[in-house]
Amino acid sequence: MAHLSVCRLAAASVVMLAFTAAAEAQAAKPLPDISGRWKFKTDVLPRKGCIISGEIEFRKTGKPFDFACTFRSSEDCGSGDDATSTVVRQSCMARIVGGDFEISSTVEEIVGTKPPGMSVSYAPDDFRVHPDGAGNLIGTFKSIREAAVKFWRDVDLLS
């Protein structure tokens, strides 16, 4: 009976050490701060041939893993006289989940279309991205369709 208690105590100690080591590793690794302005662009969306691009701004919230954000996106399809475009204003929340940023959006307003007056319905632009080690965020755009996406800092050059 005493042997069983010693084994349980030893097993519990090993589990506690593993959790402590994981917590220390998480605390030692600083969380990336994505606050500020970024630009983004998707690869060509499958079966539709469009590209989604735009500007997004992230702001810290009172919660350590959350950022509020707003952005304008443009869905550009085709070229020449047959080209269409939809510009949309969206609000969003970005949350750090497992080393990725999950960005969930809400469509606030269709700002404009080309051709003007074109009838559209627009699904929110959601993303799951992670740092690429070069200062960018890369990952997946998710809406009605999915495509690769890249975010980069919108930095003004100083002379």
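This note describes salt bridges in a predicted model.

1. Basis. Local features in this predicted model require pLDDT of at least 70 and side-chain atom pairs count only at pLDDT 80 or more, whereas totals for chains, interfaces and linings use all residues. Residues are numbered from 1 along each chain as its sequence is written, and side-chain values use heavy atoms, with hydrogens and water left out.

2. Salt bridges. The structure contains 7 salt bridges (a side-chain nitrogen of Lys or Arg within 4 Å of a carboxyl oxygen of Asp or Glu). One of them joins the side chains of Arg89 and Glu109, at 3.2 Å from N to O. Because Arg89 belongs to strand β4 (residues 84–97) and Glu109 to strand β5 (residues 100–114), this pair ties together parts 20 residues apart in sequence. Strands (E, at least two residues) are DSSP runs, numbered from the N terminus.

3. Exposure of that pair. Arg89 is partly exposed, at 36% relative accessible area, and Glu109 is likewise partly exposed, at 38%. Buried means under 20% relative accessible area, exposed means over 50%, and partly exposed lies in between (1.4 Å probe, protein chains only).

4. The network at Arg128. Salt bridges link Asp100, Glu102 and Arg128 in a network. The side chains of Arg128 and Asp100 meet at 2.8 Å, N to O; Arg128 lies in strand β6 (residues 126–131) and Asp100 in strand β5, 28 residues apart. Between Arg128 and Glu102, the closest N and O atoms are 2.0 Å apart; Glu102 is also in strand β5, 26 residues from Arg128.

5. Asp100 is buried, at 17% relative accessibility, whereas Arg128 is partly exposed at 28% and Glu102 is partly exposed at 30%.

Methods
Helix = DSSP H or I, 4+ residues; strand = E, 2+ residues; numbered from the N terminus.
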